[in-house]
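Okay, thanks for coming, everyone. Let me put the structure up and walk you through a few side chains.

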Amino acid sequence: MAFLVRRLLLAVPVIFLVTVLVFSLMHMLPGDPATVILGQEAPPEAVAALREELGLNQPIVTQYLHWIGGVLHGDLGRSLVDHTPVSELLAQRLPVTVELTIGTFVIALLIAIPAGILSATRQGKFLDYISSILAMSGMSIPSFWLAMMLIVLFAVKLGWFPASGYTPFFENPAANLTAMILPMVATAMREAAVLMRMLRSSLLEVMNADYIRTAYSKGQRERVVVLRHALKNALVPVVTTSGLMIAGLLGGLVITESIFSIPGFGKLIVDSIYTRDFVTVQGAVLVSALLVVVINLAVDLTYSLIDPRIKVGKGAEG
């Protein structure tokens, strides 16, 4: 409990600095939100009236304090474009990106863990070379190019999956999974390659430890040694990489979402930046920062479950 409280207290200044930075940068961007909303041909009187209505004529510090005061009361403000509550926009878009992130990560794990184990246990052999080539290919091929190739092959030529679009899971689970398969696979290839290389390096290091040699000397089979003794300890750096990966995916899937026309969280942020809807951007970035804090905390707590030798209070902070 002390560790949790300590980490949450440390997160407060981080989130505060993030909100100040984003708020300042959004106000430094060229252009006027009122002009963007009304159009370039709008009369100056209408633009001035809208600026007054939106509070844009107030000093930037006053605007920030007004916004952060609303956040502390659970109000993220309203979109400058259509006056929809930002919390409502986030509630619509965030679950879509969370689903895409979870699916991408699961596919990446299903590929990376078997490939990493085979590559490490067959070091210098044919399977190791094949796994390494595939991993390097996965890290080298841009995800947007792979996404377009998957669309051409599986959507256009074979017709197995839709080329774009999104259906909510609870509205039609089959249509939802069918529409999400291609974007998940397109994004998961690079993540799987990174995790596979990380697991291979970590597992090779663990396999040279004394307790592994002792296990082999006792006559235990390779499968038992690897899965019961070596793999668990080799997962610690993989967990760290996975936490950073999930945090990055939650805010970095905008290209995939754009290619497949998925109304996700990242696309919302980019569209809001284009329209100078800084209220929506600020709310979205604040939620992103909170998600990163939660993910990092979950990663720290996972360390002690994987390796009991790591003490949460000390090892995680170190």
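Phe154 is partly exposed, at a relative accessible area of 21%.

Quick word on the source: this is a predicted model, where local features need pLDDT of at least 70, side-chain atom pairs count only at pLDDT 80 or more, and totals for chains, interfaces and linings use all residues. Residues are numbered from 1 along each chain as its sequence is written, and side-chain values use heavy atoms, with hydrogens and water left out.

Now the rings. Rings of Phe, Tyr and Trp (the six-membered ring for Trp) pair if their centres lie within 6.5 Å; planes under 30 degrees apart are stacked, over 60 edge-to-face, and the rest tilted. That rule gives 5 aromatic pairs. In one of them, Tyr64 and Trp67 have ring centres 6.2 Å apart and planes at 50°, so they're tilted. Both sit in helix 4 (residues 60-72), 3 residues apart, about one turn of the helix. (Helices here are DSSP runs, H or I, of at least four residues, numbered from the N terminus.) Tyr64 is buried at 10%, and Trp67 is buried at 8%. Phe16 joins Tyr64 and Trp67 in a cluster linked by ring pairs.

Last one: Thr280, in helix 13 (residues 278-306). With 1% relative accessibility, Thr280 counts as buried.

Technical notes: Helix = DSSP H or I, 4+ residues; strand = E, 2+ residues; numbered from the N terminus. Buried < 20%, exposed > 50% of the residue type's maximum accessible area, 1.4 Å probe, protein only.
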